[in-house]
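Me: I am new to this structure and would like a close look at one part of it. Could you walk me through a pair of helices that pack together, and then through what surrounds them?

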Amino acid sequence: MPRRLRVPGPPAPPLTGHLPFADAPGVPDPIEVTSRYLTRGGRPWFPVSGEFHPTRVPAAEWEEELLKMKAGGITAVAAYVIWIHHEETEGRIRFDGDRDLRRFVELCARHGLDFVARVGPWVHAEVRNGGLPDWVLARDCVPRTDDPAYLEPVRRWYAAVAEQLRGLDRAHGGPIVAVQIENELYDQPDHLLTLKRMAREAGLSAPLWTATAWGGVRLPPDELFPLYGGYPEAFWTEADGGWPDTCRKHFFFTHQRDDEGIGADLRPTTVRGGAPDAFADRFPWATCELGGGMAVAYHRRPVVEAADIGALGLTKIGCGSVWQGWYMFHGGTNPVGELTTLQESHATAYPNDLPVLTYDFQAPLGEYGQYRASYDALRLQHLFLADFGHRVAPMESVLPEERPTGQGDRDTLRWAVRGDGGSGFLFVNNHQPHEPLPEHPDVSFELALGGDDTLLTLPSVPVTVPSGAYFCWPLRLDVGDLRVEWATAQPVCLLDDDGRTVLVLTAVDGIDPELALDGRTVTAVRAPSGQVARGDGRVLVTGVRPGPDALVEVETATGERVALLVLDAATARTAYRGEVRGVRRLLLADGGLVFDRDEVRLHSAAERPAVSVFRHGAFVPCAVEDGGPVVAGASVRLVRAAGAVPEPVLGVLGRASVPADKHFESAAAEYAVDLPDEVPPGTLLRVRWSGDVGRAYVGDVMVADQFFSAGVWEIGLDRLPEGALRLRVLPGAGREAGVTGVEAVTVRRRAVAVS
């Protein structure tokens, strides 16, 4: 029996002009906030932001890494401006080298990326003191309140940040679209308003002023745009607590925006927040912290898979999100402090011990810029939003009557529709971490869109939704003069090829793609790998074998030429779209591509990687530059066997603390790593190991660290100082310390000639 849903007619117009947000006068594309979505230049706007902390990545790498983010569909870079990274010593504010905030924002502007400044002063970010310098806490003051003794140094900090960003606001053609005040402050609305006023007085300017809104936060009415979050896992819960319900809920379609679990370990139990989703009637559903991965703490070390991140992202769009904000999108490494280490730890009475250096976060782009499978999954969603986000944003999310009875319900199919009364998108999620969802056989849908009595029934034959699948299908999607009534393949993007519009779709593994076209809009269809049937006012294309050559060509009733390219899922994960000499091109690549004005570069460890470009209805090979030298080999030698497992120590909240430094001298197994004299740029050392905690040293300087969780530890060799590399591995309870092998992998950067 089909799953049924009636999608209401066109929604009522949103509230406009009801909020005190204003863009700079005279900008060509003014940003505005309605009660349901954002607009830019008068058109619905669906931003995609990704977090990148410049002080955690060498400045020499910023530009290429920003280009990777842009190629991954990020439109706005969000960054905490971490006070303790810039002013560890009072009065010595540093904006040089890896702390050069202005240069970082200018690079965003150069490459057409918006910027979201998250200026604190408290930011969390798994940083020492949440980013507040020690000297601030040593003052006789009450931090994170309107205590004048606290506001005095905050005022100076805001003035310093504003000076760095002067001339980079929208009034001067700059990229700053938003400023976030504080972070996770639940019960101080007056203080938040004070901080906003101080930031503006210092010279900070943006069309959007935001605040995190999870945990039932109380915000000053209408003054700060509430932004939400949702993570697939959490390092901040108890080690034996299982998968948190507050994470589980993000894999269901729901209209609840709030997540009371984020930061709950730092929220006093006496705090009474506001009502969940208290802002839903005045602000759209926007996010700033969808989990692009997850950090690991010593006491709890979650592993996040690419599908966890991809399913979470797609589900949030189906729920009604109009701003996808990822934390983190790019991992990093904590800078070395001059006075102390700079990670969150029990040493400063915070509830979690994190690694001293690594802040990889299992992000789509890792600590050293490594491409992860989650980058490919999200890139496809972001390409979809780039071309269809202006249609999706005004659409309301509608849930079926038959939906899961609770978070323990694994048997009811999870689905929703976003629609505007005439068209829409069907969202299905059959994936969640840890507890696989069963396949669903005999699935079909019967949908009524708006006031139209004509039902959409899809697919033509019921299908089995595989375990682990998550996808979005179009409903009455107009592509030029062609109407796609529905398709059992997910839209990716649009192209212009030889004067015709091409809709690129990706098939869902385990579900045969079908294309149902409105017969009134079609004169002729050519589908070399499929069958075409007319009837009931539609043209149905079945039997298409998805792949790079699965091109269905259509002549519309108006004489326009339209094509539909149906990629298989594996090929789609290699697809990039970028501008080359003023033309948007679709490319397939064995590796990661960046588009730098008229240059295209490939990052790949493959010996002979292939790149092809879609032109004249087919993919044609591109010339790829030779990649240069690779590391001849790497090996590892045991120097000292491990000693006894250190006695456990409990810290804040009774959670396990990282073993003291002395144990790495006495109890750690030590290994020497032998490398060639010349190591090419882009070389990663992949360490296969087991144990509890690993640290890497050059001389007496710790250069990398890791808590054991997934078995492979990656170290960027071109970031290391000269000298011999040693690894020290502590054993843990039930985990022997050992390194079973190392491999040096060079990810080479090559120019690609796109004709």
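Reply: Happy to! Let's begin with helix α8 (residues 306-319) and helix α9 (residues 373-392), which pack at an angle of about 15° with their axes 8 Å apart. Helices here are DSSP runs of H or I with at least four residues, strands are runs of E with at least two, and both are numbered from the N terminus. Axes are lines fitted to C-alpha atoms, for helices over the stretch in contact, and angles run from 0 to 180 degrees between N-to-C directions. α8 and α9 are therefore roughly parallel to each other; angles under 35 degrees count as roughly parallel, over 145 as roughly antiparallel, 65 to 115 as roughly perpendicular and the rest as oblique. Their crossing is right-handed, meaning that the near helix is turned clockwise from the far one by less than a right angle.

A word on the background: this is a predicted model, in which local features need pLDDT of at least 70 and side-chain atom pairs count only at pLDDT 80 or more, while totals for chains, interfaces and linings use all residues. Residues are numbered from 1 along each chain as its sequence is written, and side-chain values use heavy atoms, with hydrogens and water left out.

Back to the helix pair α8 and α9, whose crossing is right-handed. On the α8 side, the contact (heavy atoms within 4.5 Å) is made by Ala 306, Ile 309, Gly 310, Gly 313, Leu 314 and Ile 317. α9 contributes Ala 373, Ser 374, Ala 377, Leu 378, Gln 381, Leu 385 and Val 392. The residues of this contact divide into 9 nonpolar, 4 polar and no charged. In this scheme Ala, Val, Leu, Ile, Met, Phe, Trp, Tyr, Cys and Pro are nonpolar, Asp, Glu, Lys and Arg are charged, and the others, Gly among them, are polar.

Now for the sheets. An open sheet of 8 strands has the order β15-β16-β17-β20-β21-β24-β27-β26, with antiparallel pairing; two strands pair if DSSP finds at least two bridges between them. At its edges stand β15 (396-398) and β26 (531-535), each pairing on one side only. Neighbouring strands of this sheet are turned by 25° against each other on average, direction ignored. α8 packs on this sheet, touching β15, β16 (414-419), β17 (424-429) and β20 (470-479), and its direction makes about 40° with that of β20. α9 lies across β16, β17 and β20, running at about 35° to β20. Further along the sheet, 3 bridges join β21 (residues 482-487) to β24 (residues 515-518), and these two strands run antiparallel. One place to look is Ala 487, whose bridge partner in β24 is Leu 515.

A second open sheet has 5 strands in the order β22-β23-β29-β28-β25, with mixed pairing. β22 (489-497) and β25 (522-526) stand at its edges with a single partner strand each, so one side of each is left without a neighbour in the sheet. Here neighbouring strands are turned by 20° against each other on average, direction ignored. α9 packs on this sheet too, touching β22 and β23, and its direction makes about 60° with that of β22. β22 is joined to β23 (residues 500-507) by 8 bridges, and the two run antiparallel. Within this pairing, Asp 497 has Arg 500 of β23 as its bridge partner.
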